[in-house]
Structure formats: C-alpha cells, structure tokens
Amino acid sequence: MASIEEIRDERIKKLANLRKAGMDPYPVSSDVTHTADQVLSSFDKLAVSGEKVSVGGRIMAVRGHGAVSFVDIDDGTAKIQALFKKDIVGEEKFKLFADNVDIGDFIQLSGKMFATQRDEKTLEVADWNMLAKSLRPLPDKWHGLQDVDERYRRRYLDLLMNKDLRDLIVKKSKFWDVTRNFFKERGFLEVETPTLELTTGGAEARPCKTHHNDFDLEMYLRISVGELWQKRLIAAGFPKTFEIGRVYRNEGTSPEHLQEFTNMEFYWGYADYKDGMKLVKELYRSIAEKVFGTTKFEHNGHSFDLASEWKEIDYIGEIKEQTGVNIEKANEQEIKDKLKELGVVYQGENKERLVDTLWKYCRKNISGPAFLVNHPVLVAPLAKRVPGEDAANPTMNRVEMFQPLIAGSEVGRGYSELNDPVDQKERFEAQQKLIEGGDEEAMMPDYEFVEMLEHGMPPTCGFGFGERLFAILAGRPARELQTFPLVRPKEE
C-alpha cells in the first residue's frame, strides 16, 4: 500500500498534467446551475425537456469500464451518479479525466439527465472541469478515522465520511431553531449581551481569563448567557427577553461537560418559577416532537417520556432518602464521611460544594422527567426564598428554584429571581467569603447589579439550559456533538 507521501507526490504530478492541458485545477468560480438535490427532485421534468444542467461536488466513487465510467459526486445536498462516455465527452477530455482525477476531487459536470436500465437517476456528462484537486486521499470508506483525537482534529473528514454524525449536526441546528421560534412566538425579544465581563455573574463555575489591552483590564469570558444583563433589561422595561449564545467554563471535560458550548437563557417579567416550569415543560416537549419526532428516549440506562407526568422532587428530602444525610443538620465533616463511604470524589471544603457533590451522586438514579425543587439557599445565591422560611437557619432556607431532570442529569436551571437588593447584597458577601476561602467556582459579586435592584426590578422568572439537553436526547456525548471539539495541538 502506498504511503500518504507517495500518494501526494503522484497527485501533484496529476495537478501539473491538468495545468499542462490548460485546465485550472483551482478556478476562481464555477458554472454550477443546480444542486444535486434540485436535479434529483426535478428529474422527471429535466429528463423530458433534455435541459442541460451543471452540478458540482466531491467525487466519492469511480467505477470504470473501458470507454465508460460511472462517478458518484456529493455536493452536500445529495449524492448523484454521473455517466462518462468517451464518444460523448470526447477522447481528449475523457482521457484527461481517467488519468488525472481521483476520489476526493471537486469537479463540475455538465450534461443531461436520464434513467439507467436499473432506473437510477443519472447525469450523462457532456463536459467536465476541475474545481479543486485533492492532494491527500479520503479515509477508508469502511473504517474511517479510528483514533478519537484524529477524528476531532480532522473533523471535516469525520463529518464527510460519517453521515449519521453529519445528520446530527443538522439536527442540532434545528434544535436551536425550534428553541428560538418557540420564544419568538410567545413574544420574547431576542437580545445580545456581553461575552467579556469584569465579573462572571449568573452561575458558579471557574472562568476563563483574558486581558483587555485598550482599557488595561483583567476580564473574563462569560459563564452564563447574560443573566445579570438580561435582568437589567427587565428593569429597563423589556418584559420578556432571551439569548442563545456561547459560554465558557474553565473546567474538566466529561460526556456532559465542555469548556465552550451554547446556552439559552430567558427572563420573564411578572412571572415566577411555577410559570417557568410550565413553559419549560412545553418547550422541551416541543423540541422533542419537532426535532426528534418522539417524546420517548433512552440514554445511559435510563428511559423517559417527556409527554408523561413531570414529578416534583424535593432537594433536601431526596438526599436524605438516598443517603440518610439530613443536610439541614449535618456539618461539613459528616457530609465528607458520607461521600467517602459512597466512594464519591469531592472537591472543595465548604458546605455548599459538599452538598452539591452529594446531590450529584443522588441525581444519577433519577430517570425523569422531573423537576428538582426546594433547593437550599446555600446553593442558589440568585433565587428568591420560599415565603415564610425559618430565619434561624438562613443558609438552609428553601428557594423558588427548579431544575428539569432526565436520564440522571440536570438539563436546565431556573428561579423566581431574587429582586430584594438587601438580600442579594448579603448573598454576594457570602459568596465573596467562599472565594477568599479558595473556592474557585463561587459566584463573583456584582455590586453594580445590586445598585440596579435598588432602582427596582419586577418579579421575574429566569431559566437557562445548554447543549447537554440535545446530547441526551440524541444519545451521544456532548463533545461528540460539537462541530469542532477542542483538541490538544498535535505534537511534532
């Protein structure tokens, strides 16, 4: 078998042959008149009329028989078969094609449509031109790229050879289209908010740092889709807003976690978390039906139906039922001991991080669909407290927060947004103490946001979700569904 270098050298010779014959192997433009899909869908009309068409695409297969060759090309809309006959194309151009064209080349074909004896829609080629000569071969048709890093590094080849993956990338686009249309149809205004921030509000995650040269400021890439900014818009008189955009979290990679991904967040003035739960349930069912054509799914050993009843699960009660730990009374050491007993690796020493880790152990056993509710304020610094909670243990006051649960995972987070500036300031101060204690995921205080709340913000429901939902519904790891996943540079 020839090496890549030998194949490349041979193709460079063919490149020179094309130029010598007066054919530009990399022309500025093409004379394509139809896509492959258009030709196939209009076949009957084109075959009867004898209209000349020109299509372009990448050669995916060549089957030669002396003075006749069949070629399959794909332009991204469809694959189409073409027939080369020496007596129609002409001996010179037929030989130029046979001697110098390879699988992987982009070519333009012109001719008329007809049906073969096997009734296959085919383009009878009258003329052809090179559009881009490939110097490297495509991966083996049956085995493709086996190494995961190589698949991600040469993603264009992975997508070219893997139709199922290509279809999922298209489906992912539809996923966000359905989401966008869902909110626009309900009167939500699509907005854009900053991706560079002085403080990373709206979530608890380790941020990516950068530097603003002109202002000489240390800044951060956002970790949420403008939560504190969209709430400013609610205060400014925009009652319904949403944004779909990229967020960045400088954390580990797993089947459900990425450093860069797309999120959606909406904010709904004069609404609360109960209103949000109803809207999210409707949204998720709409996505399932319009993107996947079903509400029933299986993922990681879980089965769930988004059209079924959504149970409400109590945060504190579920942890106690599954682990025996009453987090309202347990101290940090007791929670650590339970985590060690369960074989769960934990990071962080403060109670907020330990409680969150204990919950993440419990959620793996819940198939859903369900809403997790009644979170302690300890893990929700931006949510309103449930009215009438006991002031004697404020860190364990429950808040009006909800998280959809499916397949053992959280696929979103929403609250009745805290609009009490005094309470918000106190919670930011508590988060600052966590930061000073070494917690890199604690929320950075934004006291200008507190100032905004002092001017007044109406009762508001906010909610956000990201690519994890699509990954679970598609039954694939989130990284696999990134168009271009991040990979380490290739070592020389």
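Reply: A nonpolar core is a set of buried Ala, Val, Leu, Ile, Met, Phe, Trp, Tyr and Cys residues joined through side-chain atoms within 4.5 Å. Buried means under 20% relative accessible area, exposed over 50%, and partly exposed in between, with a 1.4 Å probe and protein chains only. This is a predicted model: local features need pLDDT of at least 70, side-chain atom pairs count only at pLDDT 80 or more, and totals for chains, interfaces and linings use all residues. Residues are numbered from 1 along each chain as its sequence is written, and side-chain values use heavy atoms, with hydrogens and water left out.

Me: Which residues have the most contacts inside the largest nonpolar core?
Reply: The largest nonpolar core has 47 residues. Those with the most contacts inside it are Phe266, Tyr284 and Phe465.

Me: Which element gives the most to this core?
Reply: Helices (H or I, at least four residues) and strands (E, at least two) are DSSP runs, numbered from the N terminus. Elements that each supply at least two residues include helix H8 (163–185), strand S11 (260–269), strand S19 (460–466) and H16. The most, 10 residues, comes from H10.

Me: What does Tyr284 touch, not counting residues up to four places away in sequence?
Reply: Contact means heavy atoms within 4.5 Å. On that basis, Tyr284 touches Leu306, Trp310, Pro404, Val411, Gly412, Phe463, Phe465 and Leu469.

Me: How do the axes of H10 and H16 cross?
Reply: Axes are lines fitted to C-alpha atoms, for helices over the stretch in contact, and angles run from 0 to 180 degrees between N-to-C directions. The axes of helix H10 (residues 273–292) and helix H16 (residues 467–474) come within 12 Å and cross at roughly 50 degrees. Angles under 35 degrees count as roughly parallel, over 145 as roughly antiparallel, 65 to 115 as roughly perpendicular and the rest as oblique. So H10 is oblique to H16.

Me: Which residue classes make up the contact of H10 with H16?
Reply: Tyr284, Ile287 and Phe292 in H10 meet Leu469, Phe470, Leu473 and Ala474 in H16. Ala, Val, Leu, Ile, Met, Phe, Trp, Tyr, Cys and Pro count as nonpolar, Asp, Glu, Lys and Arg as charged, and the others, Gly among them, as polar. The contact has no polar and no charged residues, and seven nonpolar.

Me: How many residues of H16 are buried?
Reply: H16 is mostly covered. Its buried residues include Glu467 and Arg468.

Me: How are H1 and H5 oriented?
Reply: The axes of helix H1 (residues 4–20) and helix H5 (residues 91–100) come within 10 Å and cross at roughly 165 degrees. That makes the two helices roughly antiparallel.

Me: Which residues of H1 and H5 meet?
Reply: The residues of this contact divide into two nonpolar, two polar and two charged. From H1 come Lys14, Asn17 and Leu18, and they meet Leu96, Asp99 and Asn100 in H5.

Me: Is Ala407 buried or exposed?
Reply: Ala407 is found in the loop between S16 and strand S17 (409–410). Its phi is positive, near 50 degrees. With a relative accessible area of 5%, Ala407 is buried.

Me: Is Tyr270 buried or exposed?
Reply: Tyr270 is found in the loop between S11 and H10. Its phi is positive, near 70 degrees. With a relative accessible area of 63%, Tyr270 is exposed.
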